[in-house]
Amino acid sequence: MAGEPCRPLVAFEAEDLGHGNQVVLSRLSLALYPGERVALLGPSGAGKSTLLGALRRRLDDSAAWCPQQHGLVPQLAVYHNVYMGRLTEHSTLANLWNLVRPLAGPWREVSELCDALGLTGLMRRPVGRLSGGQRQRVAIARALYQQRELFLGDEPVASVDPHQALRLLALIEARHATLVIALHQRELALSHFDRVWGLRDGRLVIDAPTHELTLADLDGLYPDADASAETPREDRSLPMPDPEALPCARGRP
Ligand SMILES: Nc1ncnc2c1ncn2[C@@H]1O[C@H](COP(=O)(O)OP(=O)(O)OP(=O)(O)O)[C@@H](O)[C@H]1O
């Protein structure tokens, strides 16, 4: 109903996230709303993968997952690696048969995805014989093949050129209503996402719509960034929005 606050797909309220006894992100509060495209930024080790892992556990089967270490099997062909995105949807027998003789339906679907991702003609090539950028695209193809509403990506466009990064993001966006993507390209974060979550020093220090942010705000996340940013870092830490005040639009406006 108009005027009703929309419900987040997932929310954390003052939660500690980490590994075993090690807290990486302390007292983390954030919410992901339907339709949002979120760029997750922060220096190496800030906790981006840790947060994505926690989101993934909460969202379970509703999220397609494109991990940083692609998790591809180098000995297997591109087709088989992409097919693994939906391995659990088929019977063991079908999966075994598919290894020997690819199933017609999945072959056609994977082939279309590979064409869209610039992997035409590589369906039978073992992943171990691909370039880094090609492997990255296979990992994206496998995540797209899962056909979920939500996409979680850990630096899925890290090892491709800027032009290709745009194309890949467009493909991901076209197939998913909601995205959370870790990346290091700050300009891309501002130009192609609705919202930024910025991590630094074990905290979420930015949680804001991109139209309220500048490159200098994002530079402040990185200790090595140009110190010419004019605003002191304390002032660039943006408060959490009040979910009650947020109508449902493309995520929250
Ligand atoms: N499986 C793990 N077990 C224990 N500690 C871990 C594990 N994975 C990550 N860490 C630690 O958690 C902290 C955050 O790591 P994380 O991988 O989440 O950062 P990141 O922002 O994704 O970094 P990068 O940009 O380098 O991928 C680091 O100190 C890291 O050493």
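## Ligand shell

In this predicted model, the ligand is surrounded by H19, Q22, V24, G42, S44, G45, A46, G47, K48, S49, T50 and Q68, a residue being near a molecule if its C-beta atom, placed from the backbone, lies within 6 Å of it. Two or more of these residues come from each of strand 2 (22–32) and helix 1 (48–59). Helix 1 gives the most, with 3 residues. Helices (H or I, at least four residues) and strands (E, at least two) are DSSP runs, numbered from the N terminus.

By residue class, the shell divides into 2 nonpolar, 9 polar and 1 charged. Here Ala, Val, Leu, Ile, Met, Phe, Trp, Tyr, Cys and Pro count as nonpolar, Asp, Glu, Lys and Arg as charged, and the others, Gly among them, as polar.

## Numbering and thresholds

Residue numbers start from 1 along each chain as its sequence is written. As the model is predicted, local features need pLDDT of at least 70 and side-chain atom pairs count only at pLDDT 80 or more, while totals for chains, interfaces and linings use all residues.

## Overall fold

The protein has 9 helices and 8 strands. Of its 253 residues, 36% are buried; a residue is buried if 20 or more other C-beta atoms lie within 10 Å of its own, exposed if 12 or fewer, and partly exposed in between, with C-beta atoms placed from the backbone. Among contacts with a separation of 6 or more, 67% join residues 24 or more positions apart, a contact being a pair whose C-beta atoms, placed from the backbone, lie within 7 Å.

## The sheet and its helices

An open sheet of mixed pairing is formed by 6 strands in the order 4-5-6-3-7-8; two strands pair if DSSP finds at least two bridges between them. Strand 4 (63–66) and strand 8 (203–209) are the edge strands, each pairing on one side only. Neighbouring strands are turned by 15 degrees against each other on average, direction ignored. Axes are lines fitted to C-alpha atoms, for helices over the stretch in contact, and angles run from 0 to 180 degrees between N-to-C directions.

Strand 3 (residues 37–41) pairs with strand 6 (residues 178–182) in the parallel sense over 4 bridges, and A39 has I181 in strand 6 as its bridge partner. Helix 1 lies across strands 3, 4, 5 (150–154), 6 and 7 (195–200), at about 155 degrees to strand 5. Helix 5 (residues 132–145) also packs on the sheet, touching strand 4 and strand 5, and makes about 170 degrees with the direction of strand 4.

## Hairpin and positive phi values

Strand 7 and strand 8 pair in the antiparallel sense over 6 bridges, with L199 opposite L204 in strand 8. These two strands form a hairpin with 2 residues between them, and D201 in the turn has a positive phi of about 50 degrees.

Most residues other than glycine have a negative phi. A14, in strand 1 (residues 10–19), has a positive phi near 50 degrees; A14 counts as exposed because it has 8 C-beta neighbours inside 10 Å. D60, in the loop between helix 1 and strand 4, likewise has a positive phi near 50 degrees and is exposed, with 7 other C-beta atoms within 10 Å.

## Confidence

The pLDDT, the predictor's confidence in each residue from 0 to 100, averages 85 over the protein, and 87% of the residues score at least 70. Confidence is highest in strand 3, at 97, and lowest in helix 9 (residues 233–236), at a mean of 42. Over residues 227–251 the pLDDT is below 50, and this stretch has 36 contacts in the model beyond near neighbours in sequence. The model scores ipTM 0.96 and pTM 0.84.

Note on methods: Contact = placed C-beta atoms within 7 Å.
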